[in-house]
Amino acid sequence: MSSSPPTIGVLALQGDVREHLVALAEADALARPVRRPEELAEVDGLVLPGGESTTISKLATLFGVMEPLRDRIRNGLPVYGTCAGMIMLADKILDGRDDQDTFGGIDMIVRRNAFGRQNESFETAVEVEGVEGGPVQGVFIRAPWVESTGSGVATLARLDDGTVVAVRQGNLLATSFHPELTGDHRVHRYFVDMVRAAG
Amino acid sequence: MSTTLPSTPESPETGTARVKRGMAEQLKGGVIMDVVTPEQAKIAEDAGAVAVMALERVPADIRKDGGVARMSDPDMIEGIIDAVSIPVMAKSRIGHFVEAQVLQSLGVDYIDESEVLTPADEVNHSDKWSFTTPFVCGATNLGEALRRIAEGAAMIRSKGEAGTGNVVEAVRHLRQIKNEIARLRGYDNHELYAAAKELRAPYELVKEVAELGKLPVVLFSAGGVATPADAALMRQLGAEGVFVGSGIFKSGDPAKRAAAIVKATTFYDDPKIIADASRNLGEAMVGINCDTLPEAERYANRGW
């Protein structure tokens, strides 16, 4: 194992930032919140938390994070998005607002709030390829799903009905669900390993 | 995560404590805005609100009009649900579990069992565990917050004094909750039993708060936020997000003020950004001096 832990940011414009900071620290990364372009420049990897994607998109544009992060993604920055974060990593989204921008990077179409409203939010066991030790508990909250993917995108997890809920393309990872809410940090460890391998 | 959560299910399950509390976690760092029409809901969404609270009249108008304040017309709530893509909350009266059942059937994303409406039961709050839809409830102190959580609330907001445009009660209630949590942190195991008795809250929840140093659910602030600086103040005092009621749509330029409060809530610790957000917002809502409010008109006294 590498001696110095990687520095991984959590985009802290809005959402469940605290839970990701805790999970990353438990997975042996130096975790810190990122709200400004200069803070973005200092991290080896970034988590896009769950939250309200329309709010995060708007604030990212207003406060000058949108273009710098797109640049870093193009240059290979490892990024992991959960729920709203998955939406923000999609090249194309459905059921978003007309003016809703994403950072993009993963060649996929993601449908926002695809499973329905809060009353349809659920949790279930999900087997994730590359994550050892049995299924993780998938917590789906007004969650998006992956409608289709390009040829460079690997599907890492599906529900029993075949719905795609976790994908990876190069250094970019996205899940419809929230491992940060479970206390099980295996998916975060998987991402920390991606960041180490990229560094 | 919280130690009181039931064990995790293997097959898909809706309405679990984790799914309910987790929904509130997604709202953190955000602003939830009171709206009374689909048009206002769109303005709120455009401004960057993380959710809207659908109600018939904003609290300032409930104060002015008097009479019994009830759950909103289902048509109005559905109109707002159709108008926006962000989560929609709605209010039921305290203890009026049938209003809550109706709101659940309409598909709202959160139910606020709210002191802003006229209480339907002066002894009992609704049993919130029996619903799939999660609940947020108001509290003026830690004991009240924990009693609501014991009844199944998945999110707490400090009450403040809604419809006044005066942040003083919001500050009082949030400070009270934070101070009581800090005091619990210093107690040893022997003292926690007496603390639970004093707080009139279940021992297990008191112990959990003492260990976590925070509530086991998300804590927002409400009741009196009217400016970007008010929102940032509540965040610096420890609120994880803010509800803004009358403060936006009773002001001179709602769209601009709403966007400004969103910015100040995210950059609550950056006075330069708060200053920029505070420029040229037009008239703030007039506001009421809370000292002159008669006891009967203090909504925070409703609920127990």
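1. Which residue just after α10(B) takes a positive phi? The residue is G238(B), with a phi of about 115°; helices here are DSSP runs of H or I of at least four residues and strands are runs of E of at least two, numbered from the N terminus.

2. On provenance, this is a predicted model, in which local features need pLDDT of at least 70 and side-chain atom pairs count only at pLDDT 80 or more, while totals for chains, interfaces and linings use all residues. Residues are numbered from 1 along each chain as its sequence is written, chains are lettered from A and ligands numbered from 1 in the order in which they are written, and side-chain values use heavy atoms, with hydrogens and water left out.

3. Helix α10 spans residues 228–236 of chain B, and P228(B), D230(B), A231(B), A232(B), M234(B) and R235(B) are buried there, where buried means under 20% relative accessible area, exposed over 50% and partly exposed in between, with a 1.4 Å probe and protein chains only. These buried residues pack against α7 (168–185), β8 (218–221), β9 (242–244), α12 (254–266) and α13 (271–278) of chain B, a contact being heavy atoms within 4.5 Å.

4. For the chain overall, the secondary structure of chain B comes to 13 helices and 9 strands, and buried residues make up 62% of its 304 residues. A compact globule of 304 residues would have a radius of gyration near 19 Å, and the 18 Å of chain B agrees with this; the radius is taken over C-alpha atoms, and the globule rule is 2.2 Å times the number of residues to the power 0.38. The C-alpha atoms fill a box of roughly 55 × 40 × 40 Å along the principal axes. Of the contacts between residues at least 6 apart in sequence, 66% join residues at least 24 apart.

5. The UniProt record, an unreviewed entry, lists K91(B) under "active site", and such annotations may be inferred rather than shown by experiment. In the model K91(B) lies in strand β4 (residues 88–93) and is buried, with a relative accessible area of 7%. Leaving aside residues up to four places away in sequence, K91(B) touches M53(B), A54(B), L55(B), M71(B), L103(B), D112(B), S114(B), V116(B) and L117(B).

6. Over residues 17–222 the chain is 46% helix and 16% strand, and the end C-alpha atoms are 23 Å apart.
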